[in-house]
Amino acid sequence: MTDESLQDIVCCMGQPVAGNPTQFMMEHAFLAAGLDWRYLTLEVGPDELAAAVAGMRAMGFRGGNFTIPHKVAVIKHLNGLSEAAELMGAVNCIHRVDDGFEGENTDGKGFVQSLVEVTEPAEKRVVILGAGGAARAIAVELGLSGVAHITVVNRTVDRGQDLVDLLNDRVKVSAELAAWEGDYRVEEGTDIVINATSIGLGDAAARVPLDYATLSSGMVAADVIFNPPKTVFLNEAERRGCTILDGLGMLVNQGVISFKIWTGVDPDPAVMREALEEYLEL
Ligand code: NDP
């Protein structure tokens with residue numbers, strides 16, 4: 001298929017996909033950039049994934065996003081992976097290469113792009129709460145960005161250890177595991193603390209189990225939760241003088257990176273954040 005015969009269509013596949021803030025954000029960004037492109041949100045079950053990707057290929061889609069439960073399963077339907085996606089073993093964004101698709105993971109890159117607005121990651125000591133998909137994406141990108149050390153704090157020890165092994169053995173960044181029991185105490189000398197768990201999603205009162213007195217000014221506290229964006233974790237960190245970063249910044253920036261990959265054009269991040277805030281009624 002030649003470039004001219006491709007359709008200016010990208011899509012998001014997941015299950016379930018009840019309402020999609022990313023579609024709203026992307027369509028506003030296309031309009032602002034003067035691009036007559038479409039972003040479709042498609043509900044696709046695991047048994048239909050292979051046929052759905054073949055359909056994207058046959059219909060000349062430019063690329064797409066993949067969300068739960070397809071981030072790992074989609075890999076076997078792709079022609080190749082970026083370095084970060086290969087290390088993470090998960091893909092959230094695909095784009096055309098020749099007659100197929102290559103997989104990328106823009107979640108961690110989106111996080112780092114938000115972070116550099118407040119601090120440079122190189123040589124920093126980082127605590128990551130959680131070891132799921134978001135934590136894995138962030139940890140790998142921070143490792144590739146040259147942080148000095150990562151402590152992974154996770155409730156399920158095997159999952160946490162798996163991430164620590166990946167960081168030490170393949171990303172070549174010094175990492176250790178802390179099993180999460182009770183309120184976690186952040187060690188003195190920590191520069192960046194990240195809530196990469198799902199605690200707080202859709203629940204403004206949900207508390208991340210942390211000894212908040214161990215947070216101090218000079219630290220950066222970042223949350224992956226974007227709805228609601230002002231979590232208990234960020235409120236407590238702000239009260240103690242930390243610089244805070246909400247999950248909306250990561251969501252906007254992973255979208256900025258995907259947009260550039262598909263279209264070759266830099267979108268306006270302010271338009272994208274405004275669209276998200278409108279969609280989420282913030
Ligand atoms: P996963 O299900 O893969 O991982 C969830 C993580 O949270 C696990 O480490 C889990 O620990 C931990 N966790 C959940 N509940 C608790 C609890 N009560 N106490 C301690 N730990 C807990 O989810 P993802 O990593 O894919 O997503 C996490 C969050 O990140 C979601 O809310 C998602 O919306 C958000 N996200 C935001 C993005 C953005 O752009 N802002 C992008 C991607 C995700 P355990 O292993 O012990 O179960």
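**Figure 1. The area buried between domain 1 and domain 2.** In this predicted model, domain 1 and domain 2 bury about 1300 Å² between them. Carbon and sulfur atoms account for 64% of this buried area. On the side of domain 1, Leu87, Met88 and Met250 together supply 49% of the area that this domain buries against domain 2, more than any other three residues.

Figure 2. Domain 1 is assigned two stretches of the chain, 5-105 and 250-279, while domain 2 is assigned residues 109-245. The centres of the two domains, taken over C-alpha atoms, are separated by 26 Å. Domain 1 gives 14 residues to the contact, and domain 2 gives 17 residues.

**Figure 3. Salt bridges and polar contacts.** Between domain 1 and domain 2 there are 2 salt bridges. A close-up of Glu104 and Lys109 shows their side chains meeting in a salt bridge, with an N to O distance of 3.3 Å. Polar contact between domain 1 and domain 2 is found for 5 residue pairs, with both residues of each pair at pLDDT 80 or more.

**Figure 4. The side of domain 1 that touches domain 2.** Two elements, helix 3 (83-88) and helix 8 (247-263), each give two or more residues to this side of domain 1. Helix 8 provides the largest share, with 6 residues. By residue type, the side of domain 1 that touches domain 2 consists of 8 nonpolar, 3 polar and 3 charged residues.

Notes: Residues numbered from 1 in each chain as written. Predicted model: local features only at pLDDT ≥ 70, side-chain atom pairs only at ≥ 80, totals over all residues. Heavy atoms only, no water. Domains from an automatic or database assignment. Contact = heavy atoms within 4.5 Å. Buried area = accessible area lost by both parts, 1.4 Å probe. Salt bridge = Lys/Arg side-chain N within 4 Å of Asp/Glu carboxyl O. Polar contact = N/O pair within 3.5 Å; in protein donor to acceptor, adjacent residues only side chain to side chain. Helix = DSSP H or I, 4+ residues; strand = E, 2+ residues; numbered from the N terminus. Nonpolar A, V, L, I, M, F, W, Y, C, P; charged D, E, K, R; others polar.
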